[in-house]
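Biologist: I'm new to this one, and I'd like to learn how to read it. Could you walk me through it?

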Amino acid sequence: MIYRYLRFPVLLLALLAATAQAADIYRWTDAQGKVHYSDREPPSGAEKIDEPPPPSALSPEEIDARLDAIRKQRRDALETRAQAKDEQARSKEERDRLAAQCAAARGQLQATRSAQRIRDADGHWYTGEERINKINELEATIREYCGSSKTR
């Protein structure tokens, strides 16, 4: 799609450059014997100098190759942006998940510390040693998910 839009301006510039450089050059000698050169035709007695046209800066194949390279760069840039956006979304999801786990672990720690007796999901009552172990586990979990050693 970009190719279609870029091809015309590039060809137009190439034609304009060729036209500007295709001006005639004249050489003449004035009454004092001094030789002059000009791109404008003098009044009389000037000799037109035939120069070969300047070589074109780029061939059509080179123009197409450059346009293809520009298109590839653009596609690569778009892919890179899309990948960065996906990575950012995944990163946000991961941060949200870690924040939820952090909040849950903090809540469990607060409940474990404040309760006099603790029972697990199976109805088993924790002993004092099991309660201390559970608090240590929750503190480790908080360090892992919350990213700090503070446990409030």
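Biologist: Where in the protein is confidence lowest, and where is it highest?

Modeller: The general idea first: where pLDDT is low, the predicted coordinates should not be read in detail. In this protein, helix H1 (residues 2-21) has the lowest confidence, with a mean of 63, while H2 has the highest, at 91. Across the protein the average pLDDT is 80, and 76% of the residues score at least 70.

Biologist: Which pattern does the protein follow along the sequence?

Modeller: Reading along the sequence, you get α-β-β-β-α-α. That comes to three helices and three strands.

Biologist: Let's pick a residue. Is Arg71 buried or exposed?

Modeller: You judge that from the relative accessible area, where buried means under 20%. Arg71 has 17%, so Arg71 counts as buried. Arg71 is found in helix H2 (residues 60-114), and its side chain is joined to that of Asp68 by a polar contact of 2.2 Å.

Biologist: What share of the residues in the protein is buried?

Modeller: Of the 152 residues in the protein, 11% are buried.

Biologist: Why is Ala140 called partly exposed?

Modeller: Partly exposed lies between the buried limit of 20% and the exposed limit of 50%. Ala140 has a relative accessible area of 34%, so Ala140 falls in that range. You'll find Ala140 in helix H3 (residues 128-146).

Biologist: How far apart are Ala140 and Ala105 in sequence and in space?

Modeller: They are 35 residues apart in sequence and 9.5 Å apart in space, going from C-alpha to C-alpha. For the protein as a whole, look at contacts with a separation of 6 or more: 39% of them are between residues 24 or more positions apart.

Key
Residues numbered from 1 in each chain as written. Heavy atoms only, no water. Helix = DSSP H or I, 4+ residues; strand = E, 2+ residues; numbered from the N terminus. Buried < 20%, exposed > 50% of the residue type's maximum accessible area, 1.4 Å probe, protein only. Polar contact = N/O pair within 3.5 Å; in protein donor to acceptor, adjacent residues only side chain to side chain. pLDDT = per-residue confidence, 0-100. Contact = heavy atoms within 4.5 Å.
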